[in-house]
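Thanks for coming. I will go through one model, part by part, and finish with the interface.

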Amino acid sequence: MSARWRKPPSPPSPELAHPEPAPTDVSTPDPGSFRDPASRVVIDGDKVVRLLDERGLEGWRSLSATKFFRTAVADGRLIESVEVDPPDGSAAALAHPRLDFISYPYEWTFSMLRDAALLQLDLLEGALGAGLTIKDATPYNVQFVDGRPVFIDVGSFEAYRSGEPWIGYRQFTRQFLFPLLLRAWAGVPFQPWLRGDLEGPTAEQMAKLLPAGKRLNTSALLHVRLQARMESRMGDRSVRRELGEAGFTADLILANVRKLKKLVASLEWEGADQGWSTYVECSHVTRDRATKGEFLEAALDRLGSRRVVDLGANDGHFSQIAAAKGALAVAVDSHEPVLDALYRGRPGPGLAIVLTDLANPSPSQGWAGRERPSLMERARPDLVIAYGLIHHLIYGASIPPREVVRWLSSFGCPVLVEFVSPADEMVVKLVGNKLPHELHPGGEEADFRALLQQHFATVAEQALGEGTRVLFALEPLPRAGGEPVITTGGEPAMTSDG
Amino acid sequence: MIFGYLDPGSGSMILQAVIGGLAGIGVAFKAYRARRAINKAETGSEAGDVSAVEETTQPAES
């Protein structure tokens, strides 16, 4: 497998374009790549260029000379890298493919984070066998390409120096292991924690979250409780040199890595299998699926869409239709079991998975509020699918219908939306605990059509099932100016490594 | 000594040796005692409570 080189599509409307000219030279730094002084990433058209200083070059020379490197690239575990002429001030430059879509660990499902953790450990084990090490251990160095994890930060590899411990161990536990333990052992979703604290839970915090039945588990005792205690006792007293002089070897790292691989591979999440059954039991899903698929295919054929964002994607059926027609489809949903099942089903090329609550999508955050751009900045669709979604926003999250329509229009591109009337059986369930006066007005079909007319031209529509649902194919009206759009800030990061 | 950009955490580094097995526990003790000796020489104070390391008497299995 190889990472796909695909030129990103042009922004769908002038409003969605970056306010500054598109980067055409290597002076546009990626806002998500600055922590490692030996290696930083800039955007160069449809390529990502990694600039290395002398130390970074030394690491690249050590890595690129190994059979391990060639094998890892060939089997798709490590991103492709080609040396290019470095600009002034850099010792070397590597060109990587610019990935279609970047997602972040707080948007991944349990199985995605677990596979990313296993990739990290697998590569470290292979690197140590080749006389190398990986100097950090963050899931931001992993991206999903064609449904498989790929390590994207070749600048993280360097020659192993005798006596050195695994520098990334603590980071691995905070950003991979503890989030997985939260879900597998405590039944707590890790995504809100990783979104709230990009460094992940500390050992001390994780120790307090361990369920009683796991507190004496050997792995919990070592990686969580003992680490918490030793971090507390040692504070900031340096022991790195002392460890080397005491006889620390790469074999000790290998022993730790192999035990961690067994531990991570053994972690299961009981909720992972609940997705399909609950979703397909809904009668409207099977009833309307074929019609909605044909409506989508007609739009794809009419528009030639290249970048489709499927909001409320559920099991990813419609994303897969778009991907089968050659588009990049970003399947967005807040229900982890269905997305986890979609991921484990190996959906294949052209489909990206994002777990987020659309009433509160991933914000732009990190250093200067730009290190990890918002989901809406990264999405940049030329077609939005909003099937089976708006009633959840209107009746579940209490978003007024006018705000939902305004939000859909802010993407600045064609939209396929499924209207669901207050008489629909699903809406009746959603409002079961609400009184009529507690609902926003404007939910009836006539009201919705009036709202649509303020922002869109309707180019096609299709009644569904029992008449409580209608599909609309919408084209955005030319903006009068001054209308706010979702995308703000700078060029979305197309890498994510730290 | 070349330091990376990432702070590996002193306690976490010593723990790695402990997790590595019997031989690693010995390495952890030696490193810890060396650190404590340096601290005593520099400041005349203890480097900290060694009990967390000393309590780890079993080889790690995870």
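Helix α1 of chain A, residues 54-64, lies across β2, β3 and β4 of chain A, with β4 covering 92-97. The helix runs at about 110 degrees to β2(A). Contact here means heavy atoms within 4.5 Å. Axes are lines fitted to C-alpha atoms, for helices over the stretch in contact, and angles run from 0 to 180 degrees between N-to-C directions. Helices (H or I, at least four residues) and strands (E, at least two) are DSSP runs, numbered from the N terminus.

Before I go on, the conventions. This is a predicted model, in which local features need pLDDT of at least 70 and side-chain atom pairs count only at pLDDT 80 or more, while totals for chains, interfaces and linings use all residues. Residues are numbered from 1 along each chain as its sequence is written, chains are lettered from A and ligands numbered from 1 in the order in which they are written, and side-chain values use heavy atoms, leaving out hydrogens and water.

Now the sheet. Four strands of chain A form an open sheet in the order β1-β2-β4-β3, and the pairing is antiparallel. Strands count as paired if DSSP finds at least two bridges between them. At the edges stand β1 (39-44) and β3 (82-84) of chain A; each has a single partner strand, so one side of each is left without a neighbour in the sheet. From one strand to the next the twist averages 35 degrees. Six bridges join β1(A) to β2(A), residues 47-52, in the antiparallel sense. Within that pair, Arg40(A) is opposite Leu51(A) of β2(A).

Next, a glycine. Where is Gly147(A)? It sits in the loop between β6 (142-145) and β7 (148-151) of chain A. Gly147(A) is buried, at a relative accessible area of 7%; the cut-offs are under 20% for buried, over 50% for exposed and partly exposed in between, with a 1.4 Å probe and protein chains only. What does Gly147(A) touch, leaving aside residues up to four places away in sequence? The answer is Tyr343(A), Arg346(A) and Gly348(A). For Tyr343(A), which is 196 residues away along the chain, the C-alpha separation from Gly147(A) is 6.7 Å.

Further along chain A is β11, residues 351-355, and five of its five residues are buried. Both faces of β11(A) are covered, with Leu351(A), Ile353(A) and Leu355(A) on one side and Ala352(A) and Val354(A) on the other. β11(A) pairs with β10(A), residues 328-333, in the parallel sense over five bridges. Ala329(A) has Leu351(A) as its bridge partner there.

Chain B has three helices and zero strands. Of its 62 residues, 50% count as buried.

Last, the interface. Chain B gives 42 residues to the contact and chain A gives 45. About 4000 Å² is buried between the two chains, and carbon and sulfur atoms give 63% of that; buried area is the accessible area (1.4 Å probe) that two parts lose on being put together, summed over both. There are two salt bridges between chain B and chain A, a salt bridge being a side-chain nitrogen of Lys or Arg within 4 Å of a carboxyl oxygen of Asp or Glu. One of them joins Arg35(B) and Glu242(A), whose closest N and O atoms are 3.4 Å apart. On the side of chain B that touches chain A, the elements giving two or more residues are α1 (10-19), α2 (22-43) and α3 (51-54) of chain B. The largest share, ten residues, comes from α1(B).
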